[in-house]
Amino acid sequence: MPTALIAPSILSANFSILGEEIKAVEAAGADWIHVDVMDGHFVPNLTFGPIVVEHLRLISKLPLDCHLMVSNPEAWIQPFAQAGADWITVHAESTPHLDRVLNQIREAKCQVGVSLNPATPLAMIEEVLDLVDLVLLMGVNPGFGGQKFIESTFGKVERLVKLRAGRSFLVSIDGGVSTQNIGQLQKMGANIFVVGSAIFSTQDRRKAMEKLRCSLNESE
Ligand code: DX5
Ligand code: ZN
């Protein structure tokens, strides 16, 4: 059975009780913790720096999945690796030297991810597919939680899964993932489901996680 993991995105969590929010999703069976790093330049929002990851590392044993939505990601690989990131994903659109940055992530002993915005074609990453452990396809334009899933992402997932033949990278979907689409995305071959508002904007995190897990199981 191919991997199907749920990675709650803390972007939609209550930051005044972030530790409790993480404990709640951990107890509800979260597989990874997704950390959205935004610089106010590559995307129109600001979030976390390495110091936050350092503190998350102290309170959680789950893999920390750091999604860098920043310009000049070269400057941030080492700080996030040192802070305790397990996975580091950079955007293909964020650097003219993608091959170099992906190698930097590997050298920093983190798992290597590359991401594409909804409007960016898969051709942007074809040459680096042998260098990555994960490809993250955005289902929304990055910057904010709670946006509507862009339907053309389905076709992109299908094409990416075909391109994967003979390789073992994971396919991650981020943005607009909910019980409405998670099953279909799994059927198409996606492995990691990043979920923000569909978990943290509900009253009961455990119930939200259960519903997502059920939708995954139903599609098996
Ligand atoms: C968007 C972020 C996502 C976001 C997903 O830029 O990369 O991780 O938190 O949130 P939802 O699930 O609410 O779309
Ligand atoms: Zn993200």
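Q: Buried means under 20% relative accessible area; in this predicted model, is methionine 188 buried or exposed?
A: Let's start in helix H6, where methionine 188 has its place. Its relative accessibility is 17%, and the limit for a buried residue is under 20%, so methionine 188 counts as buried.

Q: Which residues does methionine 188 touch, not counting residues up to four places away in sequence?
A: Helix H6 (182–188) is included in what covers the buried residues of H5. Phe154 and Val157 are among those buried residues of H5. The contacts of methionine 188 are Phe154, Val157, Glu158 and Val161.

Q: Which residues of H5 are buried, and what arc do they cover around the axis?
A: Buried in H5 are Thr153, Phe154, Lys156, Val157 and Leu160. They sit on the same side of H5, because the arc they cover around the axis is only 160 degrees.

Q: Which exposed residues does H5 carry on the face turned away from its buried side?
A: The buried side of H5 has a cover that includes E5, E6, E7 and helix H6. On the face turned away from that side, the exposed residues are Arg159 and Lys162.

Q: In what order do the eight strands stand in the open sheet?
A: Here is the sheet as a whole: its pairing is parallel, and the order is E1-E8-E7-E6-E5-E4-E3-E2. Strand E1 (5–8) and strand E2 (33–38) each have a single partner strand, so one side of each is left without a neighbour in the sheet. Neighbouring strands are turned against each other, direction ignored, by an average of 25 degrees.

Q: What angle does the direction of helix H5 make with that of E6?
A: Helix H5 (residues 153–163) packs on the sheet. There it touches strand E5 (111–116), strand E6 (134–138) and strand E7 (170–174). Its direction and that of E6 make an angle of about 165 degrees.

Q: Which residue in E8 stands opposite alanine 7?
A: E1 and E8 pair in the parallel sense, over four bridges. Helix H8 (residues 205–218) lies across both strands, at about 150 degrees to E1. Leu5 and Ala7 of E1 point one way, Ile6 and Pro8 the other way, and all are buried. Opposite alanine 7 stands valine 194.

Q: Which residue in E3 stands opposite valine 35?
A: Now to E2, which pairs with strand E3 (residues 64–69) in the parallel sense over six bridges. The residue opposite valine 35 is cysteine 66.

Q: What are the relative accessible areas of histidine 34 and aspartate 36?
A: Histidine 34 is buried, with a value of 0%. Aspartate 36 is also buried, and its value is 4%.

Q: How far apart are the C-alpha atoms of phenylalanine 169 and asparagine 191?
A: Phenylalanine 169 lies in the loop between H5 and E7, and it counts as buried at 2% relative accessibility. Its contacts beyond four places in sequence include Leu160 and Asn191. Phenylalanine 169 and asparagine 191 are 22 residues apart along the chain, and their C-alpha atoms are separated by 9.5 Å.

Note on methods. Residues are numbered from 1 along each chain as its sequence is written. Chains are lettered from A and ligands numbered from 1 in the order in which they are written. This is a predicted model: local features need pLDDT of at least 70, side-chain atom pairs count only at pLDDT 80 or more; totals for chains, interfaces and linings use all residues. Side-chain values use heavy atoms; hydrogens and water are left out. Two strands pair if DSSP finds at least two bridges between them. Helices (H or I, at least four residues) and strands (E, at least two) are DSSP runs, numbered from the N terminus. Axes are lines fitted to C-alpha atoms, for helices over the stretch in contact, and angles run from 0 to 180 degrees between N-to-C directions. Contact means heavy atoms within 4.5 Å. Buried means under 20% relative accessible area, exposed over 50%, partly exposed in between (1.4 Å probe, protein chains only). The arc is that of the directions from the helix axis to the C-beta atoms.
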